[in-house]
Amino acid sequence: MLHSTAPSPTGHAESLRLELREFVQDFAVAVHKRGIYPAAHPMQLGAVEAAMSRLESLLATRHELPVGVARSHLLVEGIATDPDHPLLRDLAARMHDHQLGGLRLLPGVTRDELDGLVAALSESPLRGGDPLGARARDLEQEWPHLHLSPLAFHQLALLADDAEDGDVGAVVASKSSEVWAALAHTAL
């Protein structure tokens, strides 16, 4: 089940439209099956075809499909997936492990591009290798219709209150643990 954490004006949580929900689920199935079956296996090929078919239908009526990434859920058109849905939670965790903050799928995406993304997401960067977020710029050439947005937490810094404008060297290390605790609290 997919839901939003924010209630709509009528007081009910928004739910993702059926065609979006079906695509996200098919995409999650394709990534999951790629981790189980080899690339040419009929079960894996069928899963990518199902996701591709739904994606083509979706992109025929929009200029992009944005997907935000959190550790336990995705945001599709601003609506959160259910963090308790095991398959979608696994997809969100995989994308998060790959240090992705988001993904934009654009019209013209090919089966090879989608299959490449599925293959990359099925491999855990925790077992070695670079996460997709670290290779996002390099992959723009290979996947021109898939725009990966890496996480940017490494760019966060606290400046001393007395730091002059532009004095980036005045990072206050003692406060960094407070920032990370606040970020973790916000995520929960």
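Student: In this protein, what share of the contacts with a separation of 6 or more comes from residues 24 or more positions apart?

Tutor: Happy to start there, with a note that this is a predicted model, in which local features need pLDDT of at least 70, side-chain atom pairs count only at pLDDT 80 or more, and totals for chains, interfaces and linings use all residues. Residues are numbered from 1 along each chain as its sequence is written, and side-chain values use heavy atoms, leaving out hydrogens and water. Contact means heavy atoms within 4.5 Å. For residues 24 or more positions apart, the share is 66%.

Student: Which pattern does the protein follow when read along the sequence?

Tutor: Helices (H or I, at least four residues) and strands (E, at least two) are DSSP runs, numbered from the N terminus. The protein has six helices and five strands. Along the sequence, they come in the pattern α-α-β-β-β-α-β-α-α-β-α.

Student: What should helix α2 span, and how far apart are its end C-alpha atoms?

Tutor: The expected span is 1.5 Å times one less than the number of residues. For the 18 residues of α2 (residues 42-59), that should give 26 Å. The model agrees, because the end C-alpha atoms are apart by 25 Å.

Student: Within what arc do the buried residues of α2 fall?

Tutor: Buried means under 20% relative accessible area, exposed over 50%, and partly exposed in between (1.4 Å probe, protein chains only). In α2 the buried residues are Gln44, Ala47, Val48, Ala51, Met52, Leu55, Leu58 and Leu59. Taking directions from the helix axis to the C-beta atoms, they line one face of the helix, because their arc, seen down the axis, is 130 degrees.

Student: Which elements do those buried residues of α2 pack against?

Tutor: Pro42 and Ser57, on the other side of α2, are exposed. The buried residues of α2 pack against α1 (18-36), β1 (65-69), β4 (100-105) and α4 (111-122).

Student: Which residues does Asp115 touch, not counting residues up to four places away in sequence?

Tutor: Asp115 lies in helix α4, and it counts as buried because its relative accessibility is 16%. The contact between α1 and α4 involves Asp115 too, with Arg34 among the residues from α1. Beyond four places in sequence, Asp115 touches Arg34, Gln44 and Val48.

Student: What is the phi of Glu77?

Tutor: Most residues other than glycine have a negative phi. Glu77 sits in the loop between β2 (74-76) and β3 (79-80), and counts as partly exposed because its relative accessibility is 36%. Although Glu77 is not a glycine, its phi is positive, at about 50 degrees.

Student: What distance separates the C-alpha atoms of Ala152 and Gly101?

Tutor: Ala152 is in the loop between β5 (146-150) and α6 (176-187). With a relative accessible area of 39%, Ala152 is partly exposed. Ala152 and Gly101 are 51 residues apart along the chain, and their C-alpha atoms are separated by 8.1 Å.
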